[in-house]
Amino acid sequence: MLHPDLTRRAASSVLLLPLLTTPAGLRAHAAVKFEGGAEAAQRAAALLPGYGPPDALYPAAFRGRWRVVVQVVDVRTPQGEESAPAAQLRAARTAAAAAAPLVFDARFLNAEGSGGVILQSEGSASLATRPVAGRVRADRGFNTEQRAAAQVGSARPVAQWEAGSPNVLTLTDGLGGVREVKIIKRLIEEPYDGAYGVSEFARYTAATSAGDLKSSPSVLAQRVQTKYKWEPGRPSQPATRIEAFEIAVLASGFGDPAGAVPLLVVKSWLTFTRSS
C-alpha cells in the first residue's frame, strides 16, 4: 500500500503551501508542448499577466484510460456550515456518507507535437527552457463530465473544454445549473521517483437552475491540490496503478487571494487502475 507515504507527502505539501497563497520566491514549473509559430506565441504569452498559465503535462505513466475510485475522507466547514456553499457541501457530505465510493472513467491523451518544455520561471517572459519528451495531458472535459455523472442525483452533465484553451471549463449539470472554473495560477512539481503534484488556483462561478452565469451567480476562489504516487518503472512505461490525495478548497474573497477565507475543505483518496 502506498497510502502512508503519500499521506506524509500530502501533509508536508499543505504545510509548505499556505492555503490559497504562494510563498514569495517559490519557483513554479509549468509544462507546455513544442508547437508551431502561432501556438508557440500563445504559450509564450501565458507567461505574461492576464493570459493564464499553460496546461499541465503529466508523466508518460498516466497515458491511457483509467477507472478511478474516489473516497471522500474528510469534509470541513472552517467558518461554519451556514457559510459554506450549500450545493457543494451537500454533494461532499453525500459522497462521504455513501456506502460505495465514487467510480468513474478518466483518460490522459498524448500531447500534440514532439514533446514539451519546462519553463523555469512563470513570473518572467524569458524562455529559459529544457525539453521534456513523452508527456500527456488530462482530458479535462471528459474527466470532469464523467466524475460529475457518477455523483448521486446527477442528471447527464455536459462539460465544455478545449485543449487549446485549457484554463476554462464549463459544466452544465442537466438540471439547468452551470459551473465555470477558470484557472488563474498553476503550480507543478517536477516528476520524481514515481511521484507528481499539481496545485491549481481558480475562479469558481456557479449559477442556479436558471442556467445563466449572468443571473446572480456566486463567485468563489477554488484551490485543488493533488499529489500522485505510483510504482516507478521505465520512463516511458505506463503505470498500472496510481494513488492520489486530493485537497479541494472553496473560499470567499476571490478578489483578494491573500485574504481568501476557506469555506469548504474536502479531502479525498483517489485510486487509478487500468480500464479494461
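Analyst: Two strands pair if DSSP finds at least two bridges between them; strands (E) are DSSP runs of at least two residues, numbered from the N terminus. This is a predicted model: local features need pLDDT of at least 70, side-chain atom pairs count only at pLDDT 80 or more, and totals for chains, interfaces and linings use all residues. Residues are numbered from 1 along each chain, and side-chain values use heavy atoms, without hydrogens or water.

User: How do you know that β2 and β3 pair?

Analyst: Pairing takes at least two bridges. Strands β2 (residues 64–76) and β3 (residues 102–110) have seven, in the antiparallel sense. Trp66 has Ala106 in β3 as its bridge partner.

User: What makes β3 and β6 a pair?

Analyst: Three bridges join β3 to β6 (residues 136–138), again over the threshold of at least two. The sense is antiparallel. Phe108 has Ala138 in β6 as its bridge partner.

User: What is the strand order of the open sheet?

Analyst: Ten strands run β6-β3-β2-β13-β12-β11-β10-β9-β8-β7, with antiparallel pairing.

User: Why is one side of β6 and of β7 left without a neighbour in the sheet?

Analyst: β6 and β7 (158–162) each have a single partner strand, so they stand at the edges.

User: Which residues touch the most other members of the largest nonpolar core?

Analyst: Tyr58, Tyr228 and Phe272, out of 23 residues. A nonpolar core is a set of buried (under 20% relative accessible area, 1.4 Å probe, protein chains only) Ala, Val, Leu, Ile, Met, Phe, Trp, Tyr and Cys residues joined through side-chain atoms within 4.5 Å. β3 gives the most to this core, with four residues.

User: Which residues is Phe272 in contact with, beyond four places in sequence?

Analyst: Contact means heavy atoms within 4.5 Å. The residues include Trp66, Val68, Phe108, Tyr228 and Ile242.

Definitions and conventions. Buried < 20%, exposed > 50% of the residue type's maximum accessible area, 1.4 Å probe, protein only.
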